[in-house]
Amino acid sequence: MRWIVWGSILLTLLTPAAVKPDHSATDEYRSRRANLREVIADGVIILEGNTEEAGDLRTGFLQEPNFYYLTGWAEPGAILLMTPGDEVLFVPRRNPEAEKWTGRKASPDDRDIRKRTGFEKVLSTESFESQVVRYLEAAPKVYLLKGKPAAARLERLLAMRSIQDAAPAIARLRMVKSAHEQDLIRRSIDVSIHGHRAIWQRAAAGLYEYQLAATLTSVFLESGCAGPAYAHIVGSGPNATVLHYSANSRRMDSGDLLLVDAGAECGGYAADITRTIPVNGKFTSRQKEIYNIVLGAQSTAIAAARPGMTIGKTTANSLYRVAYDYIDSHGKDQQGNTLGKYFTHGVSHHVGLEVHDANDPAMPLAPGMIITVEPGIYLPEENIGVRIEDMILITENGAKVLTESLPKDVEAIERFLAERKPYAPSR
Ligand SMILES: [Mn+2]
């Protein structure tokens, strides 16, 4: 019962209006655009937001993340045009037929449109083509998001022009999170940790993996978040050894390890956290041995994280290498071989608007970047899969673990599981 009371207090504390797009940061969006215009100073930048598509039925409308990063504008069909000295947002005129399906939208004619968008110039998308021609007179190059569906139409419209990809320059900006972004990510982390704790309360032999997935979704939505930032991975027993297992259909047994990789998306920003716990509350000695090797690899990699390090599998000064070397020099498989070959994925990725966030792999870690550190060992022949994933903020001379309030020592996990009360749904 105690948890239920705590749960509802926590949910109340964690429930500002986070589903709505964030218009409070107009100045920040403006300064992001100014930064990009400074970096790309030799051309016209054109970024198209996503349009409403039939595929939205499954997810609802999702804005293109680079476009959102620069505008904060979450409505469909808009286009951003920037030159070194100017910026225009093109917004579609209202469409009464479409509004019957997906609701009222802004219009370029709205009296408060400049205030709402944070742009001095807001024009109708109908005038986009004629305006582009005018802007191109002064600039030789055009920067687009190459490979996006809208780019093909633009490339035809802009034939004869030198067309460059805008994505790498935007990625380099997106890699360093502002204080405001860090706050949004911390909130996604708080909700995600609450979700992990809620399923630790509940995990037991006889329960199905999807029941724990349901608890995660419930906590995320109850907290005012958009939902999971990616498909919940709730893998027990043999499923813990499948990296992106998401069927979540198995009945858990006593003696299984349970690997849960789940994070909420709140205010547009993702969290990404993995923990591995014993379903019956106690690790076996072999499970504990493998678990502690993964934990040791993770601690060593986190201790090595600082500006100048990298996260690639083959880059110099790589956290991957630190984690791999630890795993490959501790413990053995059943045939007596070292364990490095069972660490079958990368150790880190950036997290932000996207759970695998935009990045330039050539750019080393720098203060303000937020990455995961997530080594794992997967031994299908022993039904043992362990991954431990935390999110860290790179600081001036090291890293801060943002997800540290979720226990990960063997003793702390076993204590939590021993002290929990029988789970009862709160409504
Ligand atoms: Mn991850």
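Select helix α9 and colour I170, R174 and M175, which are its buried residues. Viewed down the axis of α9, these buried residues lie within an arc of 140°, so they line one face of the helix. An α-helix has 3.6 residues a turn, so residues three or four places apart point the same way. The model on display is a predicted one.

Next, show what surrounds that face. The buried residues of α9 pack against α2 and against α4, residues 65–71.

Now select α2, residues 26–39, together with α9, residues 167–175. The axes of the two helices come within 10 Å and cross at roughly 135°, which makes α2 oblique to α9. The crossing of α2 past α9 is right-handed. To see the contact itself, display the side chains of R32, N35, L36 and V39 on α2 and of A169, I170 and L173 on α9. By class, this contact of α2 with α9 comprises 5 nonpolar, 1 polar and 1 charged residues.

Finally, move to A305, in the loop between α12 (285–304) and α13 (319–328). Is A305 buried or exposed? A305 is buried, because 23 other C-beta atoms lie within 10 Å, and the cut-off for a buried residue is 20 or more. Leaving aside residues up to four places away in sequence, A305 touches L319, L365, V373, I392, I394, G398 and A399.

How values were computed
Residues are numbered from 1 along each chain as its sequence is written. This is a predicted model: local features need pLDDT of at least 70, side-chain atom pairs count only at pLDDT 80 or more; totals for chains, interfaces and linings use all residues. Axes are lines fitted to C-alpha atoms, for helices over the stretch in contact, and angles run from 0 to 180 degrees between N-to-C directions. Helices (H or I, at least four residues) and strands (E, at least two) are DSSP runs, numbered from the N terminus. Angles under 35 degrees count as roughly parallel, over 145 as roughly antiparallel, 65 to 115 as roughly perpendicular and the rest as oblique. A crossing is left-handed if the near helix is turned anticlockwise from the far one by less than a right angle, and right-handed if clockwise. Two residues are in contact if their C-beta atoms, placed from the backbone, lie within 7 Å. Ala, Val, Leu, Ile, Met, Phe, Trp, Tyr, Cys and Pro count as nonpolar, Asp, Glu, Lys and Arg as charged, and the others, Gly among them, as polar. A residue is buried if 20 or more other C-beta atoms lie within 10 Å of its own, exposed if 12 or fewer, and partly exposed in between; C-beta atoms are placed from the backbone. The arc is that of the directions from the helix axis to the C-beta atoms.
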